[in-house]
Amino acid sequence: MRRLFPLLVLLTVIAHADQVDDLAAAEMKASHAPGLVVAIVKKGEIVKIGAYGTANLETKTPVTAASVFRVASMSKQFCAAAAMLLVEDGKWKVEDPISKYIPNAPEAWKDITLRHLLTHTSGMPTLEAEDGFTFRTNPSSDDYIAKLAKKPLRFAPGDKYEYSNEGYSLLGILVAKVSGSTLASFVTNRIFKPAGMSTASYYLLERIELDRANGYTWDKDHLENAIPLRPYAMAGSGGIMASILDFAKWDAALYTNSPLSQAIKDQIWSPAVLNSGTKIAYGFGWSTKKKDGKLIVSHNGSTAGFGSRIVRHVDEGLTVIAFENVQNGTVGDFADKVADLYLSGKAGQ
């Protein structure tokens with residue numbers, strides 16, 4: 001049964017300062033963040049939502065639990081989940097070579113599998129301005145693949161772990177192709193809707209979005225509007241925007257078998273293994289590790305004007321999710337400090 005969030009818990013404004021509020025104030029000061037929002041969730045139930053500062057400096061709109069932030073690379077967990085739902089549907093296998101789904105794929109890609117894309121072990125090249133690619137352009141999916149295909153791999157597939165936005169962008173394109181839909185439609189219908197994530201969507205610059213937080217950058221001694229860039233072909237690597245409430249719903253859904261089965265969760269949270277047999281601290285769309293024998297899965301996000309983190313202490317049933325609307329802040333460190341506060345039992349003292 002999906003957990004329901006009591007309205008009073010969701011909408012209550014914290015009237016007194018506690019340790020989380022103090023940590024939030026310190027983070028906002030250190031990172032020059034106009035706004036920040038954090039959710040602490042225990043076994044799918046919201047313990048606290050703290051909303052601080054300003055979502056839009058021009059309109060003086062405050063951050064609330066309903067404010068919609070871009071979550072950047074936290075999107076990768078949804079692209080990976082979509083890929084695994086297609087595996088469960090019998091549409092493909094994680095060991096399939098990607099050349100099976102890409103006509104005229106270069107010979108160098110013949111050994112790259114879906115697993116390699118999922119685990120950042122493909123050796124996929126990085127696109128630069130000299131390749132005719134910038135974040136101010138918006139290539140089609142075919143053009144994006146063609147640009148990647150012109151460059152040599154960075155290493156043999158499976159030999160190394162190297163975080164790759166290009167790999168996940170390509171994975172998102174393939175999810176769309178194999179599902180017969182767009183990535184956004186597939187994820188919306190198979191993940192967002194079943195999880196009750198009503199504000200979650202894939203970023204479109206031209207769409208007017210209610211409650212959207214504006215993103216900022218700090219330049220020496222002042223804040224500036226961040227240029228809201230994201231080529232749509234890269235949606236698989238970082239295209240999602242959502243409220244903190246929706247991510248709390250996502251966390252609650254991960255305690256159930258909908259939208260993801262236990263078999264899928266077991267796979268996405270297992271460390272990948274290199275050709276050498278070495279395990280790495282990444283699964284499918286999630287960083288994954290064990291501390292004192294207890295599973296911790298997490299992911300950061302950073303894009304123009306925004307930073308984010310989700311950290312799930314799976315065995316303890318504790319999740320902390322945090323968003324801020326400034327680029328290159330330290331919201332990840334903040335989220336981990338909040339998690340440590342609750343794990344220590346000192347929260348609220």
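Begin by selecting T121, which is located in the loop that joins α4 (114-118) to α5 (141-149); helices (H or I, at least four residues) and strands (E, at least two) are DSSP runs, numbered from the N terminus. The model is predicted, so local features need pLDDT of at least 70 and side-chain atom pairs count only at pLDDT 80 or more, whereas totals for chains, interfaces and linings use all residues. Residues are numbered from 1 along each chain as its sequence is written, and side-chain values use heavy atoms, with hydrogens and water left out.

T121 counts as buried because its relative accessibility is 4% (buried means under 20% relative accessible area, exposed over 50%, partly exposed in between, with a 1.4 Å probe and protein chains only). Display its surroundings next: beyond its neighbours within four places in sequence, T121 contacts R115, H116, F155, P157, G158, K160, Y161, L274 and I280, where contact means heavy atoms within 4.5 Å.

**Helix α5**

Which residues of α5 are buried? They are Y144, I145 and L148. These residues lie on the same side of α5, because they cover an arc of only 95 degrees around the axis; the arc is that of the directions from the helix axis to the C-beta atoms.

Now select the open sheet of seven strands, whose order is β3-β2-β1-β12-β11-β10-β9 with antiparallel pairing; two strands pair if DSSP finds at least two bridges between them. At the edges stand β3 (61-62) and β9 (287-291), each with a single partner strand, so one side of each has no neighbour in the sheet.

Move to β12 (residues 318-324), which pairs over seven bridges with β11 (residues 306-313) in the antiparallel sense.

Is β12 enclosed or open? Seven of its seven residues are buried, so β12 is largely enclosed by the rest of the structure. L318, V320, A322 and E324 point one way, and T319, I321 and F323 the other way.

Helix α9 (residues 244-253) lies across β1 (35-42), β2 (45-56), β11 and β12, at about 155 degrees to β12. Axes are lines fitted to C-alpha atoms, for helices over the stretch in contact, and angles run from 0 to 180 degrees between N-to-C directions.

**Aromatic pairs and charges over rings**

The structure holds twelve aromatic pairs. Rings of Phe, Tyr and Trp (its six-membered ring) pair if their centres lie within 6.5 Å; planes under 30 degrees apart count as stacked, over 60 as edge-to-face and the rest as tilted. Select F69 and F323, a tilted pair at 5.7 Å centre to centre with 40 degrees between the planes. F69 is in strand β4 (residues 68-70) and F323 in strand β12, 254 residues apart.

Then select W269 and W286, an edge-to-face pair at 6.0 Å centre to centre with 90 degrees between the planes. Both are buried.

Finish at R70, whose charged end sits over the ring of Y203, 3.8 Å from its centre, and at R312, whose charged end sits over the ring of Y255 at 5.0 Å. A charge sits over a ring if NZ of Lys or CZ of Arg is within 6 Å of the ring centre and within 35 degrees of the ring normal.
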